[in-house]
Amino acid sequence: MFKNLITESTAKSPWLFHINSGSCNGCDIELVAVLTPRYDAERFGFKLAGSPRHADIVVVSGPLTQQSLPRTLRAISQVPEPRCIVTIGSCPQSGNVFKGSYSVMAPLSKYVHVDVAVAGCTPKPEAIMDGLVQATEILKEKRKAWLEAKKNGLKDGPKAETEQEVPAAEDVPASGEEVQQ
Amino acid sequence: MAIVYSSLVYLGYILIFPGFLFCFVAGMLITGIDRKIVAKMQKRVGPPILQPMYDFFKLMGKETIIPAAANKTVFLAAPIVGLAAMVVIQLFIPVISTPILYGTADLIVILYLLLIPALAEIYGGSASGSPYAGVGLSREMVTIIACELPLVLIFLSVAKTVGNAMGTGLCFSLSDIAAYQAANGSLMLKASMIPAAIAMLLVIPGETGNHPFDAAEAETEICEGMLAEYSGAPLGIYKLTHAIKTFTLTALFVALFLGGIGTGIVLLDALIEFAICVVLTIIFISLVHAVTARLKIEQLFKYYWTAVSAIALISLVLAWFGM
């Protein structure tokens, strides 16, 4: 009885958790612009959550520095299913102007499945909004796929997208240590 | 047979009206209207009025993660205990005229029941083993203590005024208070009760943990404090409890100060009560939310124990001298 209601609600109430993985603050400002009165993402139900446990959509900005990568992945793995990952800007996609640096680990799609990638340096608020709305549709699809799998006998639903091994924070060499390429 | 019938009736009271279902719809609508009005005041379009319902049902469908450091039983039981206590309060509050459960000390029972959701949150938060929850629960305790003193003074002054008229000293029974107001007009119209009514309206946002008194669950600062580790259905139940609390406290205000305006038809009375609750929420929660910034916990404490308590005390003194 409530299954359809829950599926519909999943697309209407996406809460965001924002991770800055070494971003230059440009994309972060644009994300704030999306949430503030001018673009007001709350009219679609978007809300900025303080804790990854409350989130549905993880918004990642920045070129994934070596220090922030394990923490980013750890934060992402704390978000309950169904979840979506949206990257903002060119940095998490390719490394952008930081590509080739010894400490830049982009792209993010090497480590986790990225659902929506909004390109641009920085993307316009309209583009970010579009990406987020697309992510809500994907959330709904994921919920449906989960229900389908449950019907077919998988007790816990399908495992989340096959995640690569998350390097533990301790594995990352402390700053100052020599990094082997 | 009679026992079966009467227990079915009570089950109906608890689950449908004025219990769970009524609370659920009323609380969710009030929270939705509150969010919409705040958005309008900030020149935004704002979420749809049904947004809290979408949030609730979405959280019901999410995965529930139990942290490795948590005590599983307390972690999962706390939200349900809080919700149950919140629904029970609603049975004590008369819908304008007649409560479902009544006795000689309703107000004292309500005072204790109001504590349970906050305490459940504290237990749940401390069971989650998160440092954010630790900060949040210590602030929540201060908030409870801060709001308790003015609330007790308000209840005492109402009890004294009605008790004087009834000749019983102190009258803590909400059905007697409702009967007194039906006979003599609302307490709000009595000059000596106006300060108590104002104090009650100032206590409501503090009790519900709304802006600017939300130091305990400052989401930008300590990740919603005690709720930091919660996800999925338990989080949804906490959000529901918060929504119902807003409705309960405004309904309690209506029962204490605006009684005696009912028509006698229960459904119509419920609608009138709900309409008044919405107006009170808009003025004393949404407006305050839109124009203020968050207070520090010691400022909150000082505010409630000096200004608000002093206002409530005026009423108590006046009531004590029989005015």
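Student: Let me start with one residue: is B:I222 buried or exposed, and why?

Tutor: B:I222 counts as buried because it has 22 C-beta neighbours inside 10 Å. A residue is buried if 20 or more other C-beta atoms lie within 10 Å of its own, exposed if 12 or fewer, and partly exposed in between, with C-beta atoms placed from the backbone. Before going on: this is a predicted model, where local features need pLDDT of at least 70, side-chain atom pairs count only at pLDDT 80 or more, and totals for chains, interfaces and linings use all residues. Residues are numbered from 1 along each chain as its sequence is written, and chains are lettered from A and ligands numbered from 1 in the order in which they are written.

Student: Where does B:I222 sit, and which residues is it in contact with, leaving aside neighbours within four places in sequence?

Tutor: B:I222 is in helix α9 of chain B, residues 219-222. Helices (H or I, at least four residues) and strands (E, at least two) are DSSP runs, numbered from the N terminus. With those sequence neighbours left out, B:I222 is in contact with B:Y132, B:V135 and B:G136. Two residues are in contact if their C-beta atoms, placed from the backbone, lie within 7 Å. B:Y132 is 90 residues from B:I222 in sequence, but the C-alpha to C-alpha distance is 5.6 Å.

Student: What about helix α6 of chain B, how many residues does it have?

Tutor: Helix α6 of chain B has 36 residues, 131-166. From first C-alpha to last it reaches 51 Å, close to the expected 52 Å. The expected span is 1.5 Å times one less than the number of residues.

Student: Where does α6(B) bend?

Tutor: The bend is at B:E148 and comes to about 25°, with a proline, B:P150, following within four residues. A bend is the angle between axes fitted to the seven residues ending at a residue and the seven starting there. Just after α6(B), B:G167 has a positive phi of about 75°.

Student: Switching to chain A. What is its secondary structure?

Tutor: Chain A has 5 helices and 5 strands, in the sequence pattern α-β-α-β-β-α-β-α-β-α. Its strands form an open sheet in the order β2-β1-β3-β4-β5, with parallel pairing. The edge strands, each pairing on one side only, are β2 (47-48) and β5 (116-118). Two strands pair if DSSP finds at least two bridges between them.

Student: How many bridges are there between β3 and β4 of chain A?

Tutor: There are 5, between residues 57-61 of β3 and 84-88 of β4 in chain A. A:V58 stands opposite A:I85 in β4(A).

Student: Which peptide bonds are cis?

Tutor: Among them is the bond joining A:E81 and A:P82, with omega about -10°. A:P82 lies in the loop between α3 (68-77) and β4 of chain A. The bond from A:C121 to A:T122 is also cis, with omega near -5°, and A:T122 is in the loop between β5 and α5 of chain A.

Student: And A:N25, where is it found?

Tutor: A:N25 is in the loop between β1 (15-20) and α2 (26-35) of chain A. Its phi is near 85°, a positive value in a residue other than glycine. A:N25 counts as exposed because it has 11 C-beta neighbours inside 10 Å.
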